[in-house]
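Okay, everyone, thanks for making time. Let me put the structure up, and we'll walk through a helix, a few charged pairs and the core.

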Amino acid sequence: MFVIIGYIFMCVCILGAYVWHGGHLAVFWQPSEIIIIFGGAIGGMIAGSSAKGLKLFTKALPTIFKGTPFNKAFYMDLFACLFELLAKVRKEGLMSIEGDVEDPHASPIFSKYPKIAHDHHVTDFICDYLRLMVGGNLNAFEIENLMDIEIEAHHNEAHVAAGMMAKLGDGLPAFGIVAAVMGVVHVMGSLHLPPSELGKLIGAALVGTFMGIWLAYGFVGPLANVLETKMAEGHQVFLTIKVTLIASLNGYAPQVAVEFGRKALDSTERPSFKELEEFVKNAKSK
């Protein structure tokens with residue numbers, strides 16, 4: 001939503017000021033230059049990427065205009081789910097959660113928290129490491145190191161789409177200059193025309209430079225920042241789960257382990273200690 005609001009505000013300010021000074025918006029309608037600018041930038045991006053990168057890029061595009069799922073309510077459910085799982089382990093032993101981690105969709109604990117169960121990345125991350133805790137002989141240090149490796153791999157994969165969007169934005173001003181130069185070449189071949197006609201051609205050529213810069217810094221560049229932000233939000237979720245599970249593995253009670261995870265959150269998503277404690281108690285009693 002903020003992307004759309006920002007776009008509208010930007011267009012009103014830039015184009016409105018231009019009209020205010022007596023400009024005509026019709027001059028900006030140069031389809032051939034837009035094709036040159038976007039076609040060149042997209043072609044360059046494709047040439048420098050791989051099939052995997054393009055797949056990740058196209059997959060990330062629809063998420064740009066969606067709000068983040070990782071809000072305070074999501075984390076409340078996450079902590080309540082982790083608390084129930086760890087409390088069950090503490091009360092009945094590690095083997096008691098074997099069924100929950102092997103088939104989380106049939107788990108009575110996961111089913112209480114649809115926001116968690118429907119995010120397969122989060123569910124898989126939780127279940128994978130609980131499974132290692134149940135059946136493996138790894139100590140806390142080894143599991144923490146393995147978590148760091150997986151989180152880093154996820155971070156690098158998520159960074160691909162943001163990097164490609166940034167490269168697309170970086171290419172637009174350059175291809176805007178290409179469009180402008182080609183327009184000037186066209187002008188030089190039309191010097192026999194009267195000054196009024198030449199003025200229109202020169203103005204159309206200069207639009208290429210304007211469009212390349214405007215599209216890069218006004219439209220595409222902000223989208224790269226949005227993808228970077230979403231990447232960081234996803235990273236935060238895995239970090240929170242890691243801190244909570246490692247605290248439990250080191251022998252802390254579920255209440256304390258969840259508190260470790262709460263401390264890993266930003267202030268905008270972090271619930272208070274009392275708020276989380278009451279929510280977890282109410283969720284467990286359902």
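So, a question to get going: is D128 buried, partly exposed or exposed? At 31% relative accessibility, D128 counts as partly exposed. For the cut-offs, buried is under 20% relative accessible area, exposed is over 50%, and partly exposed is in between, with a 1.4 Å probe and protein chains only.

Quick housekeeping. This is a predicted model, where local features need pLDDT of at least 70 and side-chain atom pairs count only at pLDDT 80 or more, while totals for chains, interfaces and linings use all residues. Residues are numbered from 1 along each chain as its sequence is written, and side-chain values use heavy atoms, with hydrogens and water left out.

Back to D128. It forms a salt bridge with R131, with the closest N and O atoms 2.9 Å apart. By salt bridge I mean a side-chain nitrogen of Lys or Arg within 4 Å of a carboxyl oxygen of Asp or Glu. Helices here are DSSP runs of H or I, at least four residues, numbered from the N terminus. R131 also meets E102 in a salt bridge, at 3.2 Å, N to O. R131 lies in α7 and E102 in α5, so the pair ties together parts that are 29 residues apart in sequence. Shared partners join E102, D128 and R131 into one network.

Overall, the structure holds eight salt bridges. Another one is K72 with E275, at 3.1 Å, N to O. K72 sits in α4 and E275 in α11, so that pair links parts 203 residues apart in sequence.

I126 touches L78, L82, L85, F110, I116, I241 and L245, not counting residues up to four places away in sequence; contact means heavy atoms within 4.5 Å.

That brings us to the largest nonpolar core: of its 43 residues, L78, I126 and L130 touch the most other members. A nonpolar core is a set of buried Ala, Val, Leu, Ile, Met, Phe, Trp, Tyr and Cys residues joined through side-chain atoms within 4.5 Å. α4 gives the most to this core, with 13 residues. There's a second, separate core of 27 residues, including W214 and F219.

Definitions and conventions:
Helices (H or I, at least four residues) and strands (E, at least two) are DSSP runs, numbered from the N terminus.
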